[in-house]
Amino acid sequence: MVTTQTPAGPPPSGNRRRLRRSRPLTPVQEPAGRTAPGPADTEPEPRAGLPDVPPDQPRQLTPAQAFDALYAFCAPALVRQTYLLTGRRELAREAVERAFQLAWQRWPDVARDRDPAGWVRAVAYDCALSPWHRFRPRHRSPEAPPADPADRELLHALLTLPPAYRRTLVLYDGVGLDLPETAAETEASTPAAASRLTHAREAVAARLPELADPAALHRRLLELASAERLGAARPTHVRTGSERRNVFWTRAAIAFTVTIVGATTLTLRTAPTRYEPPIAPAQAVRGVPAVGGMGPLSREDRELREKLRKAETSGPERVFPEAR
């Protein structure tokens with residue numbers, strides 16, 4: 001038997017769903033006929049010079065081994081639960097994979113959480129019920145419904161519920177959480193969670209009267225989730241994808257910062273250092289007569305010219321200064 005030790009500690013900073021009282025992660029039981037993985041089966045190689053662990057003491061798991069154990073314990077069932085929320089197989093796998101990628105990015109905080117499985121489940125449900133999926137072209141067309149007519153009716157009844165009611169019903173009647181845990185994980189008060197659960201059960205019973213009994217509803221939810229072949233990716237693939245995503249966003253942030261710095265530097269280099277008043281726009285000048293060209297003289301102009309010429313010779317004598 002391999003155990004993962006996750007001591008109780010404060011909730012991770014920045015997480016908004018921390019007022020939760022959930023059961024801790026139970027030990028992972030190895031299947032019959034299979035021994036616990038030894039140093040040769042694990043990815044990291046043992047370093048030379050380290051003291052051997054006594055047989056009577058539990059072996060400390062590396063972060064990758066602890067994450068893989070949590071993934072193997074939660075991922076298959078979590079994909080089936082998420083399918084009940086969305087009715088889409090590929091979206092259920094994507095939501096669970098994204099939730100575990102976020103868990104690996106914040107693994108020190110998730111490992112110290114009182115319920116790592118509950119942390120991943122809450123993130124997976126949030127990803128699956130995100131309203132942004134409606135804008136994705138691949139999720140606009142409906143998927144093939146279940147083959148069994150009874151399963152199709154139950155899935156249709158679930159999908160007609162509001163997302164908050166559907167999530168409460170799956171957590172309480174599907175997963176098996178109690179009412180305070182369900183209220184904490186759905187970020188609602190206990191009376192609000194009880195009201196959502198009651199209305200969800202009534203809506204399902206109105207469509208399927210044979211499921212009015214909570215025990216029968218619980219059994220049918222398990223059967224519907226188990227009827228579909230929903231596989232989860234390997235934990236190594238999830239961890240690698242999370243690390244690649246971190247590298248991508250880190251490089252994108254660096255490139256964006258360099259672009260902003262370059263644009264700011266170019267602006268400072270090319271910007272004017274003094275105030276230059278803007279040039280007023282040109283306006284047409286009004287009230288000035290148009291400039292006329294030289295043309296032939298009129299009769300009056302010719303008579304005036306002749307008169308002035310004659311007056312120059314017969315006019316008054318000019319005054320000249322006398323020298324003394």
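In this predicted model, arginine 166 is located in helix H6. Arginine 166 is buried but takes part in no salt bridge. The nearest side chain of opposite charge belongs to aspartate 126, at a distance of 12 Å. Leaving aside residues up to four places away in sequence, arginine 166 is in contact with Leu84, Leu85, Leu129, Leu158, Leu159 and Leu161.

Helix H6 also contains aspartate 173, which is paired with arginine 201 of helix H8 (residues 190–207). The closest N and O atoms of this salt bridge are 2.7 Å apart, and the two residues are separated by 28 residues in the chain. Aspartate 173 has a relative accessible area of 4% and is therefore buried, whereas arginine 201, with 25%, is partly exposed.

Among the buried residues are Trp119, Arg121 and Tyr125. H4 comprises residues 116–128, and at 1.5 Å a residue it should span 18 Å. The end C-alpha atoms of H4 are 18 Å apart, in agreement with that value.

The model contains 12 salt bridges in total. One of them joins the side chains of aspartate 68 and arginine 239, with an N to O distance of 3.1 Å. Aspartate 68 belongs to helix H1 and arginine 239 to helix H10 (residues 235–270), so the pair ties together parts that are 171 residues apart in sequence. Arginine 239 counts as buried because its relative accessibility is 6%, below the limit of 20%. The charged end of arginine 239 also sits over the ring of tryptophan 104, 5.7 Å from the centre of that ring.

Tryptophan 104 is in turn part of one aromatic cluster with Phe67, Tyr71, Phe100 and Trp107. The count of aromatic pairs in the model is 7. Phenylalanine 67 and phenylalanine 100 form an edge-to-face pair, with 5.9 Å between the centres and 85° between the planes. Phenylalanine 67 lies in helix H1 (residues 63–86) and phenylalanine 100 in helix H2 (residues 89–105), 33 residues apart, and the pair links distant parts of the chain. Both phenylalanine 67 and phenylalanine 100 are buried.

Elsewhere, Asp151, Arg219, Arg220 and Glu223 are linked in a network of salt bridges. Glutamate 300 forms a salt bridge with arginine 299, the closest N and O atoms lying 3.5 Å apart. Glutamate 300 is partly exposed, at 46% relative accessibility.

How values were computed. Residues numbered from 1 in each chain as written. Predicted model: local features only at pLDDT ≥ 70, side-chain atom pairs only at ≥ 80, totals over all residues. Heavy atoms only, no water. Phe/Tyr/Trp six-rings, centres within 6.5 Å; stacked < 30°, edge-to-face > 60°. Helix = DSSP H or I, 4+ residues; strand = E, 2+ residues; numbered from the N terminus. Buried < 20%, exposed > 50% of the residue type's maximum accessible area, 1.4 Å probe, protein only. Lys NZ or Arg CZ within 6 Å of the ring centre and 35° of its normal. Expected span 1.5 Å × (residues − 1). Lys, Arg positive; Asp, Glu negative; His and termini not counted. Salt bridge = Lys/Arg side-chain N within 4 Å of Asp/Glu carboxyl O. Contact = heavy atoms within 4.5 Å.
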